[in-house]
Amino acid sequence: MQRQPKYSRDLPEERRRKLIEATARCLAELGVAGTSVREISLRAEVSPGLVNHHFAGKEDLIAQTYWQIGETVDRTLDAALVAAGPDPDARLTAFVKASFEPPILDSDLLAVWIGFWSLVRTDTRVFGMHREVYAAYRERLEGLLGAAAEKRGVTLDTRLTAISLSAMLDGLWLEWCLDPEVFSADEGCQTVLNWIGRLWGFPDTGTRSG
């Protein structure tokens, strides 16, 4: 029997939130190809027409879902940095550790990122969003690395080092999402911390846990 949505009369912002959450669930379970306006509206329990009322189609919904997840990531990292206190080493370590814990380390997010990445090369607005998000992310990393380097009196090209660290975090996150049995979250975290330690001339502390 064909499912019939129970249309709701939520406020506009509540509808937008439900549509974004439904898009994330669709992408996680069905991938980009299986995510349609109809499927999203069914899961959000709104009429299909409301999707186009609040968003400029499926591509816009995917982009806004990506943005919303990015906001969640930012809040998570902000909370980790606040909890770490003012010490540059503690803040950099907290940033890395938070990157290997939920809600950031979540294999369901991979489908959302893939959907967004598929639009980066074809949609100039999405490309601009991607550039803005990653620029802010790298700028944060530059600040953390710069403070830790200054503490030790080490000269560091913070821009290129931040790009390298971002690529390492992204790569390990992607590999873990594709197959979490290859390495544990703790091993991924320690791998990154070892790499950072080598910037300061520290020896590796090992990547095996247990």
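# A tour of the helix packing

Start with α5 (88–99). The cover over its buried residues includes α4, α7, α8 and α9. Helices here are DSSP runs of H or I, at least four residues long, and numbered from the N terminus. Contact means heavy atoms within 4.5 Å.

Before moving on, note the ground rules. This is a predicted model, in which local features need pLDDT of at least 70 and side-chain atom pairs count only at pLDDT 80 or more, while totals for chains, interfaces and linings use all residues. Residues are numbered from 1 along each chain as its sequence is written, and side-chain values use heavy atoms, with hydrogens and water left out.

**Stop 1: α5 itself.** Select Pro 88, Asp 89, Leu 92, Ala 94, Phe 95, Val 96, Ala 98 and Ser 99; these α5 residues are buried. Buried means under 20% relative accessible area, exposed means over 50%, and partly exposed lies in between (1.4 Å probe, protein chains only). Now check the helix length. The end C-alpha atoms of α5 are 17 Å apart, which agrees with the 16 Å that its twelve residues should span at 1.5 Å a residue. The expected span is 1.5 Å times one less than the number of residues.

**Stop 2: α5 against α9.** Axes are lines fitted to C-alpha atoms, for helices over the stretch in contact, with angles from 0 to 180 degrees between N-to-C directions. Angles over 145 degrees count as roughly antiparallel, under 35 as roughly parallel, 65 to 115 as roughly perpendicular, and the rest as oblique. Pick out Leu 92, Thr 93, Val 96 and Lys 97 on α5, then Cys 189, Val 192, Leu 193 and Ile 196 on α9: they make the contact.

**Stop 3: α5 against α7.** On the α5 side, show Pro 88, Asp 89, Arg 91, Leu 92 and Phe 95; the residues they meet in α7 include Tyr 137, Leu 141, Leu 144 and Lys 151.

**Stop 4: the largest core.** A nonpolar core is a set of buried Ala, Val, Leu, Ile, Met, Phe, Trp, Tyr and Cys residues joined through side-chain atoms within 4.5 Å. Which of the 48 residues in the largest one touch the most other members? Select Phe 95, Trp 113, Phe 116, Leu 165, Val 192 and Ile 196. The largest share, nine residues, comes from α7. Zoom in on Ile 196: leaving aside neighbours within four places in sequence, Ile 196 is in contact with Leu 92, Val 96 and Leu 165. Another core, of eleven residues, lies apart from the largest one; among its members are Cys 26, Ile 40, Leu 50 and Leu 61.

**Stop 5: α6.** Select 109–120. Nine of the twelve residues of α6 are buried, so the helix is largely enclosed by the rest of the structure. Trp 113, Gly 115 and Phe 116 are among the buried ones.

**Stop 6: α1 against α4.** Finish here. These helices pack at about 100°, with axes 9 Å apart. That makes α1 roughly perpendicular to α4. The contact includes Leu 19, Ile 20 and Leu 27 of α1, and Leu 61, Ile 62 and Gln 68 of α4. Last, click Asp 78 in α4. Asp 78 is partly exposed, at 37% relative accessible area.

Terms used
Helix = DSSP H or I, 4+ residues; strand = E, 2+ residues; numbered from the N terminus.
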